[in-house]
Amino acid sequence: MIEGLDRTPLTRDFFDRPVLDVAPDLLGRTLVRATPDGPIELRLTEVEAYAGEVDPGSHAFRGLTARNSVMFGPPGHAYVYFTYGMWHCLNLVCGPEGRAGGVLLRAGDIQVGADLTRERRNSARNDKELAKGPARLATALDVDRALNGTDAIAHPGAPLSVLYGTPPPRDQVRNGPRTGVGGDGATHPWRFWIDGDPTVSPYRAHVPRRRAT
């Protein structure tokens, strides 16, 4: 347990707000993943906001589908998707039910359960790399599609929950374009991170894929 950590669970009202309010406010919060082998706790250090049907970078830009339906559901639930045929990514749904919105959890500092995450992230050169990037974060926390739709508002036995944690001072929060997002959403400055934190992933601009000839 981290000294000075506020372990008050975040409520649904916290997530029932506009995505651009929720995203920076998630920095410094503690994400708890309950596993059969023990708990893992991570301090969030980097996130990205995706604003649903008004955001060309969002999975929900073209409306409701079977894949993105969780994004339209109640706030405070997990939206997990599979990408590039090999990685999972974890988002937290926010905003009013019926209006899609989500925050991609891009990076964090493992503070409890590092020994469990090292087993899944054995390519990490040090503990600051265990959850440095969204796919690494999901791998470290043993997140897959089975957790899609999980309620992250704390209740007994919940596999995911979010605690108040230790938010950084506002002057330590930075924002800029989202990593790897192209097209009309490329310049939206909706990536938020804690300045100077070594667990934050490097920014990479979108690179269009070339079709094989």
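Select Tyr 79 and Tyr 81 to begin: both are buried (under 20% relative accessible area; exposed is over 50% and partly exposed lies in between, with a 1.4 Å probe and protein chains only). The model is a predicted one, in which local features need pLDDT of at least 70 and side-chain atom pairs count only at pLDDT 80 or more, while totals for chains, interfaces and linings use all residues. Residues are numbered from 1 along each chain as its sequence is written, and side-chain values use heavy atoms, with hydrogens and water left out.

**Aromatic pairs**

A search of the whole structure gives two aromatic pairs. Rings of Phe, Tyr and Trp (its six-membered ring) pair if their centres lie within 6.5 Å; planes under 30 degrees apart are stacked, over 60 edge-to-face, and the rest tilted. Select Phe 14 and Phe 15: the ring centres are 5.1 Å apart and the planes stand at 75°, so this pair is edge-to-face. Phe 14 is buried at 11% relative accessible area, and Phe 15 is buried at 0%. Now go back to Tyr 79 and Tyr 81, whose ring centres are 5.7 Å apart with planes at 40°, so the pair is tilted.

**Charges over rings**

Show Arg 29 with Tyr 164. The charged end of Arg 29 sits over the Tyr 164 ring, 4.3 Å from its centre (the criterion is NZ of Lys or CZ of Arg within 6 Å of the ring centre and within 35 degrees of the ring normal). Then show Arg 191, whose charged end sits over the ring of Trp 193, 4.3 Å from the ring centre.

**Salt bridges**

The structure holds 14 salt bridges, each a side-chain nitrogen of Lys or Arg within 4 Å of a carboxyl oxygen of Asp or Glu. Select Asp 25 and Arg 170, which form one of 3.5 Å, N to O. Asp 25 is in helix α2 (residues 19–25) and Arg 170 is in the loop between β7 and β8 (173–176), so the bridge ties together parts 145 residues apart in sequence. Helices (H or I, at least four residues) and strands (E, at least two) are DSSP runs, numbered from the N terminus. Asp 25 is buried at 14% relative accessibility, whereas Arg 170 is exposed at 56%.

Next, select Lys 128 and Asp 109, joined by a salt bridge of 3.4 Å, N to O. Lys 128 lies in the loop between α3 and α4 and Asp 109 in strand β6 (residues 102–112), so placed that the pair links distant parts of the chain, 19 residues apart. Lys 128 is partly exposed at 34%; Asp 109 is buried at 16%.

Arg 125 and Glu 129 also meet in a salt bridge, 2.5 Å from N to O. Arg 125 is exposed at 72% relative accessible area, and Glu 129 is buried at 9%. Now select Arg 17, Asp 25, Arg 29 and Arg 170 together: salt bridges with shared partners join them into one network.

**Two loop residues**

Select Asp 142, in the loop between α4 (134–140) and β7 (160–165). Asp 142 has a positive phi of about 55° although it is not a glycine, and is partly exposed at 34% relative accessibility. Arg 121 is in the loop between α3 (114–120) and α4 and is buried at 8%.

**Whole chain**

Finally, zoom out and colour by secondary structure: the chain has four helices and nine strands. Of its 213 residues, 53% are buried.
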